[in-house]
Each structure stands twice: as C-alpha cells, then as structure tokens.
Amino acid sequence: MAAALIGAVEAGLIFGVMALGVYLSFRVLNFPDLTVDGSFVTGAALASILVVYGVSPWTANLAAFVAGATAGLITGVLHAWGKINPLLSGILMMIALYSINLRIMGRPNIPLLHQRTMWTDLAPWTERLQTVVPGADHLIVLFVLGLMVLAMKLILDWFLKTEIGLAVRATGDSPRMVRSFSGDTRRFIVLGLAVSNAYVAFAGALMAQYGGFADIGMGIGMIVVGLASVIIGETLFRQTSLHRLTAAVIAGAVLYRIIIALALRARFLETGDVKLITALIVILALVLPEWRGGRKMTKAKPASRILRPLPSEGGEVGASPGGRLQDL
Amino acid sequence: MLRLVGVSKIYNAGTSDEKAALKGIDLDVREGELVTIIGSNGAGKSTLLNVIAGTITPDEGHIVLDGTDITDWPEHRRSRWIARVFQDPAAGTAPNMTIEENLALALARDGRRTFRRGVTDERRQAFRERVRQLGIGLENRLGVKVGALSGGERQALALLMATLCRPKLLLLDEHTAALDPKRAAWVSELTVGLIRELKLTALMVTHNMKQAIEMGDRLIMMDEGEVILTYEGEAKRSLTVERLLQSFERVRGSMLDTDRAVLA
Ligand SMILES: Nc1ncnc2c1ncn2[C@@H]1O[C@H](COP(=O)(O)OP(=O)(O)OP(=O)(O)O)[C@@H](O)[C@H]1O
Ligand SMILES: [Mg+2]
C-alpha cells in the first residue's frame with residue numbers, strides 16, 4: 001500500500017508539470033488547447049529515442065521541452081494568424097502530431113529498460129544515500145521529482161509576473177484591453193501556447209523515463225487528466241493568488257493520481273477503467289458545485305467556468321467591500 | 001493632429017443587411033482639442049471611433065495622425081499613440097489581475113515588454129501616487145483584483161490607465177453610460193480634469209447632450225453615418241439643448257430620436 005501510494009505521488013508530480021501547462025492554456029489564456037494529447041507523446045517519444053541513441057537524458061529532456069514549445073507555437077499560429085477556431089487548431093495539431101510522433105519513434109513503442117535515463121544517472125547518489133538512510137532509494141525519486149516540479153512551478157510563476165507574462169495573462173482576460181495598450185494579442189497567444197506545450201512535453205519526457213517506455217498511445221486523454229488536476233486543485237484549495245494557484249494545480253495532479261490508485265484497488269475495476277474514472281471525476285467536479293447552490297461558487301471561480309461562458313463581470317457594481325465609491 | 005479624409009465604412013456590403021455606417025467623413029481635430037460627439041442610436045459614432053482606433057478598417061478614405069497616414073496600421077500599433085476607454089467596464093481592464101498588474105500593463109504603451117518583473121517596488125510606489133489622485137482609496141488596495149471593484153471604480157482606473165503614458169489622442173466611447181448618474185458625473189469630472197491637466201487631444205462620444213454642450217471645445221452631431229452639425233467657439237458657447245434639437249429638425253426634417261439621449 002505504502003509503495004503504491006508513493007508511486008501515485010511520484011506519477012502525480014510528473015502529471016503536475018503537465019497540469020501546469022494545461023492551466024496556462026485553459027485558465028490563463030482561456031484557450032482550450034487539445035494539442036496536449038499529442039505534445040505529451042512528442043516529449044516522451046523524442047526523449048526516448050534520443051536516450052536510445054545515447055544522448056544524455058538531461059539533454060533529451062531539454063529537447064522534449066523545445067519540441068513541445070514548437071508544437072504549441074504551431075497551434076498558436078494556426079489560430080492567431082490562420083484564424084482557425086481554438087478547439088480545431090488544437091485538434092488539427094494533435095492529429096498531425098500522431099504521425100509525427102510515430103516518425104520520431106519509428107515504431108509504436110520504445111522500451112527504456114536497459115537504457116541510461118535520468119534515474120540510472122542518479123543511481124550512485126541513491127546508493128550513497130542508502131548507506132546513510134536505509135530505504136531511501138524510493139524517497140530519492142520522490143525528492144528529485146519534487147525538486148524538478150518545484151523548479152518548473154517557480155519558473156512559471158516568474159514568467160507570469162514579467163511584463164511579457166502580464167500581457168499573456170491579460171490576453172486571456174481582456175484581449176481588447178491588451179490591444180489598446182500596444183499589445184499584439186496574437187503573439188501572446190502563440191507564446192503562451194508554446195510555454196504550455198513545452199511543459200506538457202517535458203512531463204512526457206519525465207514520464208517515459210519514469211515508466212521505462214514511450215508509447216504512441218500514452219497521450220490519449222491527457223488533456224482530461226490535466227483538466228481534472230486543475231479542477232481538483234482549484235476546487236479543493238480555493239486559492240486566488242497566482243503562486244498559490246500553481247501550487248494547488250500540482251497538488252490537484254497528485255491527488256488525482258492518489259484517487260486513481262485507490263480506485264484501482266477496488267476489485268471490480270480494471271486498469272483500463274482509468275480513463276472512465278478520470279472522465280467521471282471531471283464530470284463530478286463540473287456538476288457538483290452547480291447543484292450545491294451555485295451562487296456562492298460563482299464568485300470563487302467555479303470549475304464549470306472552464307467550459308462555460310463567463311457570466312458578465314460588469315454586473316457586480318457596488319459589490320466592493322469598503323469601496324468608498326458607494327456614495328458618489 | 002488627427003485628420004480623417006473621406007472615411008467610409010459599409011457593413012455587410014452586397015448583402016441584404018448592407019449598412020452604410022460611415023459616409024465619407026471628413027474631420028480635422030486640432031492639438032489639445034476636446035471634441036464631443038452626439039447622435040442617435042446607430043448614427044455611426046462607435047464605428048467612427050473604432051475606425052480611428054484601428055479595430056475596424058475603413059472601406060475608403062484615410063486617417064492621418066500627426067502627419068502620418070495610419071490607415072493601414074493594425075490596432076495594436078496605433079494604440080502606441082491612441083488611448084481609449086470603452087463603454088463596458090470589463091473591456092478596459094483585466095478583471096482577474098490586480099490593480100497594480102493592470103497599471104504595469106498600461107505602462108508599456110510604447111510596446112516594449114521585456115522579461116523584467118512587471119510590478120517592482122519602485123513602480124508600485126509610483127502607482128500609489130497616481131492612484132491616490134482618484135481620491136477613492138484605491139492606493140491601499142493595489143493588490144486587489146480589478147474584478148472586485150465597482151463599475152465606477154473600474155472606469156476611473158481604466159481612465160487612469162489610458163492616460164498613464166500620455167497618448168497623442170484619447171478616445172472615449174460612452175465610457176460613463178454603464179454607470180448610475182452620480183458615478184457617471186464623477187467619472188466625467190475626472191475625465192475633464194485629466195484631459196485639462198495633461199492637455200490631451202480627445203474625442204468623446206456621449207448621450208448626455210447637456211454634458212456634450214458644456215464640456216468640449218467643439219461639438220459634432222452625427223446621423224446616418226454623416227456629421228450633420230458642428231458647433232464651436234461662440235456658436236457653441238451660446239448653444240442650448242433646445243436649440244440643438246431645433247437645428248436637428250431643420251437639417252433632418254424630423255425629430256431627433258431621443259430614446260437614450262439625456263436632455264437635461
Ligand atoms: N459589426 C457590425 N456589423 C454590421 N452592422 C453593424 C456592425 N456594427 C455596427 N453596425 C451598424 O452600423 C450602424 C452604426 O453603428 P454604431 O455602433 O457605430 O452606432 P452608434 O452611433 O455608436 O450607436 P449607439 O448610440 O447605439 O452606440 C448601426 O446601424 C449598426 O447597426
Ligand atoms: Mg456606440
């Protein structure tokens with residue numbers, strides 16, 4: 001049980017990186033980007049094939065990051081310059097990536113069992129730690145993943161606070177305003193999607209090395225997993241400030257994996273049911289807040305906001321606490 | 001300063017919904033001038049401002065700003081010189097970002113955005129001073145999300161943002177129309193104050209005739225995509241709402257549709 005739980009947390013941390021990317025496109029940019037299902041595999045495929053060819057796993061991770069960024073960039077250009085609707089841009093890229101991923105891999109599955117990966121690179125450290133703290137071999141994976149996810153989170157936090165990052169956020173929030181302040185919203189959409197898919201592909205590279213294989217089908221439903229993580233994180237932690245939200249999203253991904261791990265312990269469920277369970281989690285998270293008096297939740301950004309149009313925000317006139325304008 | 005030469009815009013040309021929103025508009029706005037624009041619904045006022053801002057490209061004619069022909073410039077390029085405040089309080093600010101983040105975004109009107117931190121301590125200090133001038137205590141709420149502000153507070157902030165870096169031209173399209181009368185009056189006062197203080201050139205669309213008569217240096221009335229009346233100088237100083245309505249009848253041969261127009 002403990003081992004299964006640690007495994008769930010580890011996988012959750014990797015999905016956390018992917019969820020950060022999904023958070024960036026869906027939430028920050030307000031762009032439902034389905035490229036994710038393809039770019040996750042692109043990251044895994046590229047990193048795996050590079051590792052097989054003897055490239056350092058760390059360089060392979062970086063290459064995956066860049067490949068993901070390129071995929072996101074193309075989706076962004078399809079939408080911003082090609083004027084293709086956001087959903088369709090993502091779907092087109094996703095389907096194109098399927099073929100590209102197959103080309104990268106050369107076959108549908110690449111096992112990494114006897115390859116040098118980031119984890120074999122860490123083996124000497126694990127052994128040394130093992131002599132000091134017995135049983136640390138499992139914890140070091142957790143520790144290293146935790147550090148990497150933290151670094152990815154801090155980089156995203158930093159990015160979104162820069163002048164360019166502010167413009168990316170405002171593009172998702174109020175594009176007319178950005179254009180009225182010398183901002184070319186097309187560029188910010190492209191940049192945001194590039195960063196988003198870079199994160200997703202990076203997560204794919206980590207997952208391939210963690211799981212010991214890359215598979216052409218490993219990205220199916222990834223977007224829903226990302227959404228589930230974002231929604232769980234937002235609903236459970238109810239944070240509003242940016243750096244806490246990104247932390248909540250990662251926590252959401254870890255929780256999602258734990259829920260799945262626990263669910264799979266039930267006798268009547270099989271491994272293949274994971275996607276069904278994922279869909280159910282998202283449906284529940286979308287529907288439940290609406291049933292329990294949706295009123296309070298609307299203010300706190302309910303999960304359902306992701307897929308439904310925003311209520312007009314102009315209607316909140318006078319709702320400000322302690323606003324001295326009331327008497328004007 | 002701003003010159004429009006024969007600017008025309010037809011919506012849905014060639015279909016049964018064809019609508020000539022602007023019919024060969026010529027307009028010359030001098031440096032430092034405040035022009036108020038009135039006209040019935042559908043007269044083409046918003047279209048005119050959108051054509052100037054670059055949201056809409058005209059079918060014919062030219063727009064010249066400070067001697068430069070900007071007709072083919074995209075909106076985000078024009079906004080380096082042209083600032084605007086929208087009617088909808090949600091359009092001119094980013095609701096999910098804080099007041100200081102909104103201001104930092106407005107600070108980059110020159111279009112130069114870098115990977116440096118948007119809100120620095122130094123900037124925050126400067127923002128606090130500027131926001132204090134609004135006199136509504138926003139200086140103590142710089143970290144609050146703009147979506148939590150009232151409509152009036154948001155429009156005041158939008159106005160401050162629009163003028164944070166002095167633009168060559170300020171476009172206001174009924175920016176007080178979504179507010180209740182008291183707050184609308186306050187935002188209008190603020191507007192005039194800022195325009196005078198920064199010596200801005202501005203175009204302001206309003207439905208409040210009395211305000212349009214009192215506020216600007218020049219008043220123009222639009223109807224059916226044309227400028228039908230212009231008042232400035234002495235003629236404008238002696239203008240009253242009644243006379244304006246009479247003139248409209250004389251020119252158009254019918255009563256002005258005063259549905260939304262505020263007469264008093
Ligand atoms: N995007 C559009 N497509 C088609 N017709 C349009 C469009 N925008 C405006 N129109 C039409 O063009 C005409 C001028 O519209 P415009 O919005 O400029 O008027 P306005 O003077 O601003 O009116 P209001 O006082 O209601 O704001 C109207 O008849 C309007 O229906
Ligand atoms: Mg209008």
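**Note on the interface of chain A and chain B**

1. Across the interface of chain A and chain B in this predicted model, 20 residue pairs, both at pLDDT 80 or more, are in polar contact, that is, a pair of N or O atoms within 3.5 Å in which, within protein, one must be able to donate a hydrogen and the other to accept it, residues adjacent in sequence counting only if both atoms are side-chain atoms. The elements of chain A that give two or more residues to the side touching chain B are α7 (136–161), α8 (163–173), α9 (175–179) and α10 (185–211), helices being DSSP runs of H or I with at least four residues, numbered from the N terminus. Of these, α8(A) provides the largest share, seven residues.

2. Chain A contributes 37 residues to the contact and chain B 49 residues, where contact means heavy atoms within 4.5 Å. The buried area is about 3,900 Å², with carbon and sulfur atoms giving 56%; this is the accessible area (1.4 Å probe) that two parts lose on being put together, summed over both.

3. Four salt bridges are counted between chain A and chain B, each a side-chain nitrogen of Lys or Arg within 4 Å of a carboxyl oxygen of Asp or Glu. A:R169 and B:E101 meet in a salt bridge through their side chains, at 2.9 Å from N to O.

4. On confidence, chain A has a mean pLDDT of 86, and 88% of its residues reach 70 or more, pLDDT being the predictor's confidence in each residue, from 0 to 100. Over residues 294–328 of chain A, however, the pLDDT is below 50.

5. Residues are numbered from 1 along each chain as its sequence is written.

Terms used: Chains lettered and ligands numbered in written order. Heavy atoms only, no water.
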